[in-house]
Amino acid sequence: MPALQRTHEVVSLNAVETSRPRVALTFDDGPHPTNTPMLLDILARYNAKATFYVIGQNARRYPEILRRMVAEGHEIGNHTYTHPVLSRLGNGTVLNEIDRTQQIVWDIVGAVPVTLRPPYGSFSPRQQHMLFDNRNLSTVVWSVDPEDWRRPGVSVVANRMLRGARPGAVILAHDIHGPTIRAVPAVLDGIAARGLEAVTISELLAWPHWGPRGLRYVGATARASHG
Ligand SMILES: [Zn+2]
């Protein structure tokens, strides 16, 4: 796995300051064998892009879903390997959790995530700097949390996701929950009605397009040395 070239200085963020009418939909904890493909179908219908913060253990079980995500223009982010509370762990264990998932994503799609979504948002500022200094990964939390994991119902999830949908917003959801998937069409309709576009985290940040052909690597291998 190649080291990423430092292309930015963003240690962490919960939203992006921008006047461009764009938001980032982010889906954590997958991939899920049926819900995630269903979500991909919906996103394709709307031509919307999203970022999937995958758990390494799940990514390893469903490599074909990761390949589909990338083929359809979505971004994959790192959500650790076993979904621990990172703030309780030492640096070595934290980096091991993250490295394992970096390696799995690289092995499956030939690109490595450029951002981490810490489970439960639990990651101290000191740890964020440690990760950025050691791995050049930015920590991305969120500005909109519908608490969809509590399963409040489809329309409540959709309304909560839309309430904070403004330029630069980072919207959290989980693609392992059926009601969340069923809320997405209304969310995408609402986003369009507000004149907003759903883009990936890298697009929201105006970073290079994420994917096997879009990133430059240090010590690039033949496989990654595009551009
Ligand atoms: Zn999670």
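## Starting from one glycine

Mentor: Let's begin with G178, which touches N35 and R151, leaving aside residues up to four places away in sequence; a contact here is heavy atoms within 4.5 Å. Before going on, remember that this is a predicted model, where local features need pLDDT of at least 70, side-chain atom pairs count only at pLDDT 80 or more, and totals for chains, interfaces and linings use all residues. Numbering runs from 1 along each chain as its sequence is written, and side-chain values use heavy atoms, with hydrogens and water left out.

G178 is found in helix α7. Helices (H or I, at least four residues) and strands (E, at least two) are DSSP runs numbered from the N terminus. With a relative accessible area of 13%, G178 is buried: buried means under 20% relative accessible area, exposed over 50%, and partly exposed in between, using a 1.4 Å probe and protein chains only. G178 and T36 are 142 residues apart in sequence, yet 9.3 Å apart in space, C-alpha to C-alpha.

R151 is partly exposed, with a relative accessible area of 49%. It's not a glycine, but R151 has a positive phi of about 55°. As background, most residues other than glycine have a negative phi, and most peptide bonds are trans.

D29 is buried, with a relative accessible area of 12%.

D29 brings us to the metal. The protein donors of the zinc ion are D29 (OD), H79 (NE2) and H83 (NE2), 2.0 to 2.1 Å from it. Donors are N, O and S atoms within 2.8 Å of the metal (3.2 Å for Na, K and Ca), and water is not among the atoms, so sites may look incomplete. Along the sequence, the donors of the zinc ion are spaced D-x49-H-x3-H. D29 and H83 link distant parts of the chain: D29 comes from the loop between β3 (22-28) and α1 (35-46), and H83, 54 residues away, from the loop between β5 (75-78) and α4 (91-109). H83 is buried, like D29.

On a 1 Å grid over the protein atoms alone, a cavity is a set of points where a 1.4 Å probe fits but cannot get out, while a pocket is an open set with protein on both sides within 12 Å along at least five of seven lines; lining residues have an atom within 4 Å of a point. Of the 14 lining residues, H83, Y120, W149, L172 and H174 are the closest to the centre of the pocket.

The largest nonpolar core has 54 residues, and L25, F52, I76, V109 and L188 touch the most other members. Such a core is a set of buried Ala, Val, Leu, Ile, Met, Phe, Trp, Tyr and Cys residues joined through side-chain atoms within 4.5 Å. Helix α7 (residues 178-193) gives the largest share of this core, six residues. I76 has contacts that include F52, V109 and W210, again not counting residues up to four places away. Another core, of nine residues, lies apart from the largest one, with L86, V94, L131 and L137 among them.

To set all this in the whole protein: there are eight helices and 10 strands, and 55% of the 227 residues count as buried. Of the contacts with a separation of 6 or more, 80% come from residues 24 or more positions apart.
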